[in-house]
Amino acid sequence: MPDVITLGEGLVVLEPSGQTSLDDAKTLVKRFGGAECNFSIGISRLGLRAGWMGSVGDDPFGRFIVSRLKKEGVDVSCVKCDAAHPTGLYVKEKLSSGEARMYYYRKNSAGSHLSPKDIQEHYFCHAQWLHITGITPLLSESCYTAVCKAVALAKKHRLVISYDPNVRMKLVKENRNAKRILREFVRECDYFLPGEEELAFLYGGVDYKTQARKILAEGVRGVVVKSRSKGAWYAVTEEEDFVKAKKVKRVADVIGAGDAFAAGFVGGILLGRSLCGAVRLAHYCASRVVQVHGDYEGFPLWKNVKKEFFRQ
Ligand code: KDG
């Protein structure tokens, strides 16, 4: 049974094989992603038991996602195969700035039909941690209620809950309750992991430290605010500090960096690191992911973490 569980949509990723625009690309490489899939792979590569709950279509893309997750050691025993809806996908175009543009094809996908009945209580009985993102509850009403059920079960079985809002403006624009929903889960989590800009988007322009302290005062155990390549500031009631990010010589692909950060942070805490140590591990994992093409492929294996990170 997994220690760390998560739920969300797995997406096939298509991207030009070289550094070309989508207009000019002749061939596209097939990979896969989805914030929570990326996260669960990270957790598994750190040597912890990860489980992903989601719904994929009964099609080659769905089988591809599930088989890759299995190969990565992620438990997929609670994944649903939906014969009525296709597996979603997104097409990624890398820009010369190192950023990427994403084109989503996920309307009416199997993943967006995940519902509370797909969230099984037995999965929560032996787990220690639930990780959620703000992507899943904005996919559909049934996904929103599935996340609510997962949070309620996590609380019932005393799991720690981490929450990365992962604000996706496309989804926000399609849901008039988006901000309210994204803020609702802040109150439910133990660790809140927003980016600086996400925090400003959710709560307005107050400086991020003031806002994070307010959130702590409302009962959240810890807040980690990520400032892109600069670093991250963490705070719990008795301690706060800024941890600089690791410098990276060449960025290949920034997509997935936040998921790697979340996995490194959660993994760090579960592996007994201090809060500061967990943030440092999170930076290390994110720095490895951005140097490799793909949403999660660069995430370090446990043996490399031991060799490169713990010996620093
Ligand atoms: O964080 C990376 C994700 O953005 C990517 O894997 C796709 O889940 C995805 C999304 O909704 O953007």
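## Ligand shell and pockets

User: Which element gives the largest share of the lining of the second largest pocket?

Analyst: This is a predicted model, where local features need pLDDT of at least 70, side-chain atom pairs count only at pLDDT 80 or more, and totals for chains, interfaces and linings use all residues. Residues are numbered from 1 along each chain as its sequence is written, and side-chain values use heavy atoms, with hydrogens and water left out. Helices (H or I, at least four residues) and strands (E, at least two) are DSSP runs numbered from the N terminus. The largest share of this lining, three residues, comes from α5.

User: What is the volume of the second largest pocket?

Analyst: On a 1 Å grid over the protein atoms alone, a pocket is an open set of points where a 1.4 Å probe fits, with protein on both sides within 12 Å along at least five of seven lines; lining residues have an atom within 4 Å of a point. Of the 14 lining residues here, R106, K107, L139, L171 and E174 lie nearest the centre. Volume is the space filled by probe spheres set on the points, which are joined across faces, edges and corners. For this pocket it is about 260 Å³.

User: Where does the ligand sit?

Analyst: A molecule sits in a pocket if more than half of its atoms lie within 2 Å of its grid points. The largest pocket holds about 1,600 Å³ of space. Its lining counts 50 residues, with E99, R228, V254, A257 and G258 closest to its centre. The ligand sits in the largest pocket.

User: Which residue has a side-chain N or O atom 2.6 Å from a ligand oxygen atom?

Analyst: A polar contact here is a pair of N or O atoms within 3.5 Å. A35 uses a backbone N or O atom, 2.9 Å from a ligand oxygen. The side chain of R106 places an N or O atom 3.0 Å from a ligand oxygen. The 2.6 Å pair belongs to D295.

User: How much of the ligand's exposed area does the protein bury?

Analyst: Accessible areas come from the Shrake-Rupley method with a 1.4 Å probe. Taken alone, the ligand exposes 320 Å². The protein buries 97%.

Note on methods. Polar contact = N/O pair within 3.5 Å; in protein donor to acceptor, adjacent residues only side chain to side chain.
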